[in-house]
Amino acid sequence: MMRDVYLGCLTERMEEDPRVLVLGADLMHSDGTATLQDIFPRRVVNVGVQEAHMVSMAAGLAAVGKIPLAHTFACFHARRSLDQAYISAAYARLPVKLIGTDPGITAAFNGATHMPLEDMGIMRSVPEMIVVEPTDPELLRSLLPQIIYASQPVYMRLYRKEVPAVHPVGTEAVLGRGIVLRDGSDASILASGLMVAEALAAAHALRQQGLQVRVVDMFTLKPLDRRLVYQCAVETGAIVTAENHSVINGLGAAVAETLADLMPVPLERVGVQDRFGEVGSPDFLMQRFHMTAGDIVGAVRRVLGRKRRLT
Amino acid sequence: MLSMEKYQELRTFAHRIRGETLRELGSLGFGHIGGCMSIVEVLAVLYGAVMQVDAADPEWSDRDRLVLSKGHAGPALYAALALRGFFPLEMLQTLNQGGTRLPSHADRCLTPGVDMTTGSLGQGLSAAVGMAWGLRLDGSPSFVYTILGDGECQEGQIWEAVLFAGNAGLGNLIVFIDHNQQQLDGWVQDINPLGELRQKWENFGWHAQDVDGHDTAAIYEAVLSAQAAKGSSSVIVLHTVKGKGCSFAEGETMNHHMRFTQEQMEQALADWEKEGETLL
Ligand SMILES: Cc1ncc(C[n+]2csc(CCOP(=O)(O)OP(=O)(O)O)c2C)c(N)n1
C-alpha cells in the first residue's frame with residue numbers, strides 16, 4: 001500500500017525533524033495520518049472539515065519556520081482551497097506541502113464530485129508550485145525527503161492503495177528528472193501515475209508486433225524535464241503521453257508545449273478528454289475514459305502513422 | 001397536530017426508507033451507512049408529509065426543493081424518492097455501478113427528484129439560499145429545505161451563508177442540521193467542537209429549534225413552526241444517532257464509511273424487520 005510507505009517515510013522524517021507538522025481535514029482515517037496522531041500528539045492536528053483554513057494556517061506555520069504537510073483529497077486541494085494555496089502559500093513564498101489523495105479515477109466510488117482530473121493542471125499554473133506524482137513505493141521513498149525540504153511549495157498526488165511496482169528497489173529519483181524505464185527508438189511513451197504501468201504493458205504488447213517503444217516515467221509535471229522530452233523527440237520522432245488526468249493542462253499539454261518550443265514531432269495524448277468524472281470501479285473508469293494499455297497501443301499506432309507520413 | 005394515522009404512516013415510511021437504504025448499500029458491501037441512517041426520519045417527514053412534489057413531474061416549477069448538502073447521504077435520499085414513486089425500487093440496486101443514475105453523492109443531472117448536486121461539503125446551504133431568494137423574488141409559494149451535517153458545519157462557507165441568510169430573512173428557507181455528533185474521523189467534540197448550534201444560529205438572526213431527530217411527530221411540529229416564522233430563515237437542529245437502526249453501525253465510532261460482510265447486513269436486516277413488528 002502506498003499509504004503505508006508514505007506513513008513510514010513520514011514517521012522517519014518527523015522523528016528526525018521536529019519542524020515537520022501534519023495537518024488533516026477530517027480525512028485522516030482515509031489517508032492514514034490518524035495513526036501519526038498517537039505518535040506525535042502535538043505535531044499532528046485534525047482541523048475538521050475546513051480545507052481553506054487548513055491551507056492558509058499551514059502558510060502561517062511555514063512563516064514561523066515549520067514544515068507543514070497539509071492533507072486532503074486531491075479534488076479539494078485543487079478546487080476548494082486553491083486561492084489559499086495560490087496566495088497564502090505560493091505568492092507569499094511560503095513552502096507549504098500540499099498532499100492530495102485519491103487522484104484521478106482512483107476516486108472511483110466517490111464519483112464525479114471527488115474525482116480530480118484537473119488538479120495537476122491547476123497547480124501547474126500556479127507560479128513557484130512544484131507538482132509531482134510519485135508512481136510507486138520506491139519512487140515515493142526516494143522523493144519524499146526532497147518534497148519535504150523543497151524551498152518552494154509542493155503539490156503532491158498520493159495514491160492510497162496498492163500500485164504495481166515499476167521501479168527497481170534502490171532507485172534514486174530526482175525531483176524534476178524523468179526516468180527512462182524501457183528503451184526504444186520507434187516512439188516514446190511519456191507517462192505518469194497509474195498510467196506508467198499501462199504504458200509498460202503497451203510497450204510490451206507492441207514489442208510482440210516488432211516495435212521498440214521507449215517508456216519514460218514523467219513523475220514531475222513541474223518543473224518538467226524538458227531536456228528529456230527533447231531527447232525523446234529527437235531520438236524517437238514520435239511521442240505519446242499517458243496520464244490519469246485531463247489532457248488539458250496536464251502532462252500531455254506540458255509535453256505539447258515543450259515540443260512546440262523545441263522540436264515539433266507527432267504527439268498523441270491519452271488521458272481524460274475534457275469531461276467530468278463519473279462514479280464506478282477503477283477498471284470501469286479506465287475503459288470508459290479510454291485509458292487502458294490497449295488505448296495506448298492504439299495511440300502509438302496512430303502516432304507512428306503520422307511519423308511515417310512526415311518522412 | 002399530526003393525526004394518529006398520519007403519525008403511524010410516517011413511522012412506517014421512515015422504517016421502509018431505512019430498510020431500502022440498507023438493501024441498497026447491501027448490494028455493494030460498503031458505503032456511507034452512518035450518515036444515511038441518521039437522516040431517515042427527516043426524509044420521511046419531508047417526503048411523507050411536508051414537501052409538495054410530483055413524482056410524475058419532477059421538474060414542476062412550484063415544487064418544494066430539497067438540497068441534501070451532506071451529499072454523501074445520497075443513498076437514503078434515493079430510497080425515499082423511489083418509495084415516493086420517482087423511479088422504480090429496483091433501480092436502487094444500481095447504486096454506484098458504472099453508468100448508474102444513482103451515484104454515491106447527490107446529482108441533480110442524473111437522478112429524477114434530486115434538486116441540487118452536492119458532495120463537496122459546505123456548498124449546499126449557499127445553493128439553497130440562492131434558490132429560496134430566487135423563488136421569493138418570483139413570489140413563489142415553494143419552500144426550500146436543506147440538510148447539513150454537523151461536521152459539515154466546520155466549513156467556513158456554512159457560516160458565510162448563515163450570516164447572509166440570517167440578514168436576508170428568508171421565510172421560505174428551512175435548514176436541518178443532522179447533529180449526530182460524529183464526522184468522518186470520529187466525534188465532533190474531539191476534533192473541532194461546534195458549541196451550542198441553536199444558540200449560534202440564533203445569534204446570526206435565525207429562527208432556531210432543537211428537536212429529537214428520530215421523532216417524526218416532533219420534526220413535523222418543528223417544520224410547522226418554522227413555516228410560520230415568515231420573516232426569518234429557520235434552522236432545526238436534529239439530535240440524532242449516527243448509524244441509527246443499523247445494528248453493525250449504530251454506536252460505533254468509525255461508522256462513517258463502512259465495509260461490511262453479507263452476514264452483517266443480513267443480521268442488520270433481520271434486526272430491522274424485528275423493529276418493524278413494534279410499529280404494528
Ligand atoms: C469539502 C469536503 N471536504 C471533505 C469531504 C469528505 N467528507 C465526506 S463526509 C465527511 C464528514 C462529514 O461529517 P458530517 O457532516 O457530520 O456528516 P455525517 O456524520 O452526518 O455523515 C467528510 C470529511 C467532502 N465531501 N467535502
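**Close-up views of a two-chain predicted model**

B:Trp201 and B:Trp206 are both buried. The legends below describe a predicted model.

**View 1. The aromatic cluster of chain B.** B:Trp201 and B:Trp206 belong to one aromatic cluster, together with B:Trp159 and B:Phe204. Over all chains, the count of aromatic pairs comes to nine. One of these pairs joins B:Trp201 to B:Trp206 in an edge-to-face arrangement, with 4.8 Å centre to centre and 80 degrees between the planes. The edge-to-face label applies because planes over 60 degrees apart are counted in that class.

**View 2. The shell around the ligand.** The site is shared between chains because the residues surrounding the ligand come from chains A and B.

**View 3. Polar atoms facing the ligand.** On the chain B side, a polar side-chain atom of B:Lys70 is found 2.8 Å from an oxygen atom of the ligand. B:Glu152 places a backbone N or O atom 2.8 Å from an oxygen atom of the ligand. From chain A, the side chain of A:His114 has an N or O atom 3.3 Å from a nitrogen atom of the ligand. The ligand exposes 590 Å² when taken alone, and the protein buries 99% of that area.

**View 4. The interface between chains A and B.** The contact involves 21 residues from chain A and 28 residues from chain B. The size of an interface is often expressed as the accessible area that is lost when the parts come together. Between them, chain A and chain B bury about 1900 Å², with 49% of it on carbon and sulfur atoms. Within the area that chain B buries against chain A, B:Glu155, B:Leu184 and B:Asp185 supply 26%, more than any other three residues.

How values were computed:
Residues numbered from 1 in each chain as written. Chains lettered and ligands numbered in written order. Predicted model: local features only at pLDDT ≥ 70, side-chain atom pairs only at ≥ 80, totals over all residues. Heavy atoms only, no water. Near = heavy atom within 4 Å. Polar contact = N/O pair within 3.5 Å; in protein donor to acceptor, adjacent residues only side chain to side chain. Areas by Shrake-Rupley, 256 points an atom, 1.4 Å probe, with all protein chains shown as cover. Phe/Tyr/Trp six-rings, centres within 6.5 Å; stacked < 30°, edge-to-face > 60°. Buried < 20%, exposed > 50% of the residue type's maximum accessible area, 1.4 Å probe, protein only. Contact = heavy atoms within 4.5 Å. Buried area = accessible area lost by both parts, 1.4 Å probe.
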